[in-house]
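Have the viewer open while you read.

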Amino acid sequence: MNATNQISYLEAICAAQRKALVDDPRVYIYGQDVGAFGGAFKATKNLAQEFPGRVIDAPISEDAIIGSAVGAAIEGMRPIIEMQFADFSTVGLNQIINNAATLFWRTNISCPITIRLPSGGTSGSGPFHSQNMESLYAHYPGLIVMTPATVEDAYSMLLEAVAIDDPVIFCEHKYLYYHLKADKLPTEAMPVGKARIARAGRDLTIVAYSAMVHEALAVAEELATEGTEIEVVDLRSVKPLDTDTVIASVARTGKLLVVGETFPWGGVTAEVIARVATEAFDLLDVPPQRLNAKDTPVPYHPNLWAAHRPTARSIMSAVRNLLRQ
Amino acid sequence: MLQTLASDELSANVSSSDQYKATFRWMLLARLLDDKFASLYRGGKITGGVFLGRGQEAVSASLGVSLRKGDIFAPLIRDLAGRLAFGEPIVDGLRTYFGSALGPMRGRDGNVHRGRPKEGLLPMISHLGAMIPVVNGMLMARRFQKREGVGATCLGEGGTSTGAFHEGLNQAAVEKLPLILIVANNQYAYSTPSSRQFACDSLVDKAIGYGVEGHSVDGTDLGACLKTIGGAVTNARNGRGPQLIIAKLLRLCGHGEHDDSSYIDPKLRTDPCGRDCLKVAEDHLLEQRWSDAVTIESWRKEFQLSIEETVAKVQREAGPDPFQEEWQAISSSHLVEVHSGIN
């Protein structure tokens with residue numbers, strides 16, 4: 001809790017882990033620096049002290065960290081794994097996609113593990129501490145991929161991730177860690193797999209998730225002063241992807257912009273557009289558009305970084321272009 | 001359920017000759033079942049590859065008989081003998097090769113990729129070294145749950161070159177887990193000789209670097225394997241942490257049955273490491289008069305009959321029906337996606 005008694009997105013993640021540890025003796029936390037130090041971002045602050053033996057420092061071995069979580073899950077545990085940065089999860093990619101994600105299908109034994117990925121950029125973080133991995137993991141069968149955009153969702157969806165009997169890739173956005181605050185933690189939550197209408201509108205639909213929801217909301221706010229009503233759909237989880245809510249929104253607006261923070265080739269934005277185009281082409285008044293990061297590694301300098309990912313400014317430009325058609 | 005485990009038969013009081021004989025029987029069963037897999041492959045009855053453990057039975061069976069029910073075993077591709085000794089029924093292997101819907105993998109995975117995780121037998125993925133941390137995690141879970149048991153897994157010398165091997169063995173060492181890691185140095189990883197795989201004098205020297213106990217053994221000598229591997233399992237059980245065992249032997253077959261292994265240096269076949277462990281063990285049984293040719297022949301007949309009966313049964317079993325298949329990769333049915341791209 002901070003001085004104003006509000007709770008941040010990061011504190012919500014810590015609180016959800018605390019509740020999971022309290023509620024379920026099968027839960028433990030394993031990752032680099034998560035123990036007494038409390039994690040590189042303090043997402044496990046004080047938890048090692050509060051739950052002796054259940055919040056464990058791991059060697060710098062992403063493959064072994066995730067592989068061991070698969071084994072523990074087979075034996076009935078519910079590990080929460082912290083990858084120090086989402087970018088480093090590629091070192092554990094093999095265990096995620098070939099062991100965790102195939103286990104249920106191959107053996108009929110579920111694999112309840114939660115892999116927390118501190119995702120996304122802050123300026124100055126450069127190519128290897130800034131990535132968004134949701135499109136990569138959503139590609140593989142056998143994984144759930146969550147992308148919470150609010151403090152409430154960060155809390156309730158992380159609890160849900162631990163409760164789900166399948167491997168969950170939990171993409172928590174580092175930019176939101178400190179910037180996003182709420183008055184209190186939620187006691188109720190929308191079910192996982194359902195998208196949320198973050199703002200209702202009639203003129204154009206922006207589909208977004210994670211930090212991009214807030215960039216989209218800023219655009220909607222500004223355009224509202226001009227009398228244009230933008231509907232913002234927060235996907236909440238990209239897999240499963242709530243196609244129905246997206247199509248229902250497009251039915252209302254006839255115009256679609258999909259915004260994602262990760263690289264442009266394929267991925268979540270392309271998937272949303274493919275689904276709308278194949279299932280609801282007739283509802284579209286103009287060709288749907290997508291906006292992603294640039295097709296380069298994430299840059300270091302703030303000037304470059306700010307232009308690499310979609311922002312309210314670039315979203316505004318894309319929206320105005322669509323509205324003109 | 002797994003069959004009665006061989007180790008259950010091995011009470012603390014049985015003589016070394018009884019243990020030797022019992023382990024030899026698993027080796028013989030494995031060799032005969034492997035021969036059957038090979039002949040079914042040559043007859044076009046098996047889809048995909050066939051991978052045999054010929055020449056590695058002494059190492060593998062010695063591990064299998066040293067483990068107990070409730071332990072964990074993650075075999076690799078040449079561990080049929082260890083699987084059988086640990087309790088895998090022969091029908092599991094046949095059903096998995098045939099892709100029977102009744103098999104443990106239900107036609108979704110094949111050949112050596114089979115297991116019963118809830119009974120401690122893990123189905124390997126193809127990525128070498130990847131099963132080490134999975135065993136580690138199971139052992140960590142046991143520690144949380146205050147349950148007993150050791151975990152074992154096997155690798156070839158090629159697998160020691162992977163990052164997963166390093167991460168996994170180091171993790172086990174840091175956590176002081178009761179892990180037994182057997183490396184069968186069979187001289188070739190597919191076609192690549194050991195000289196292109198590692199540069200140290202002996203792989204067992206790696207144990208020092210990881211801070212674990214290391215052991216070397218002649219993988220063609222059943223008596224030595226039982227002593228060394230059995231001892232390492234006991235060490236792990238007694239809280240001495242991970243045990244690395246390097247067994248020297250020669251792969252007496254191709255990488256798979258599609259491979260004629262013409263690249264194997266002929267000199268190795270006459271080297272002591274090129275001995276056939278099954279023949280060596282049989283000769284030893286006869287020399288020591290722990291058994292006789294008639295008895296061994298009767299075992300052979302008994303096993304062949306059992307294999308043939310099982311083959312006949314499994315060949316009549318239906319494969320999976322793609323139209324009845326659920327095509328569902330997650331267990332949470334309410335989170336399965338339905339959209340036009342897949343349906």
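## Ground rules

This is a predicted model, so keep in mind that local features need pLDDT of at least 70, side-chain atom pairs count only at pLDDT 80 or more, and totals for chains, interfaces and linings use all residues. Residues are numbered from 1 along each chain as its sequence is written, while chains are lettered from A and ligands numbered from 1 in the order in which they are written.

## Where the chains meet

Chain A puts 40 residues into the contact and chain B puts in 35; two residues are in contact if their C-beta atoms, placed from the backbone, lie within 7 Å. On the chain A side, the elements giving two or more residues are helix 3 (62-74), helix 4 (93-107) and helix 10 (267-279). Helix 3 of chain A gives the most, with nine residues. Helices (H or I, at least four residues) and strands (E, at least two) are DSSP runs, numbered from the N terminus.

By class, that side of chain A has 18 nonpolar, 15 polar and seven charged residues. Here Ala, Val, Leu, Ile, Met, Phe, Trp, Tyr, Cys and Pro count as nonpolar, Asp, Glu, Lys and Arg as charged, and the others, Gly among them, as polar.

## The core

The largest nonpolar core has 196 residues, and A:Ala216 and B:Ile182 have the most contacts inside it. Such a core is a set of buried Ala, Val, Leu, Ile, Met, Phe, Trp, Tyr and Cys residues joined through C-beta atoms within 7 Å. Buried means 20 or more other C-beta atoms within 10 Å of a residue's own, exposed means 12 or fewer, and partly exposed is in between, with C-beta atoms placed from the backbone.

Helix 2 (residues 16-42) of chain B gives the most to this core, with 10 residues. Over in chain A, A:Ala216 touches A:Ile206, A:Ala208, A:Val232, A:Val259 and A:Ile315, not counting residues up to four places away in sequence.

## Helix 10 of chain A

Back to one of the contact helices. Helix 10 of chain A has 13 residues and reaches 18 Å from first C-alpha to last, close to the 18 Å expected (1.5 Å times one less than its number of residues). Its buried residues include A:Glu271, A:Val272 and A:Val276. The buried residues of helix 10 pack against several elements of chain A, among them helix 9 (243-253) and strand 12 (237-239).

Strand 12 pairs with strand 6 (residues 144-146) in the antiparallel sense over two bridges; two strands pair if DSSP finds at least two bridges between them.

Three bridges join it to strand 4 of chain A, running parallel, and A:Glu82 has A:Arg116 as its bridge partner.

## A loop glycine in chain B

B:Gly159 lies in the loop between strand 2 (151-156) and helix 7 (163-174) of chain B. Is B:Gly159 buried or exposed? It counts as buried, with 23 C-beta neighbours inside 10 Å. Leaving aside neighbours within four places in sequence, B:Gly159 is in contact with B:Leu128, B:Gly129 and B:Phe165.
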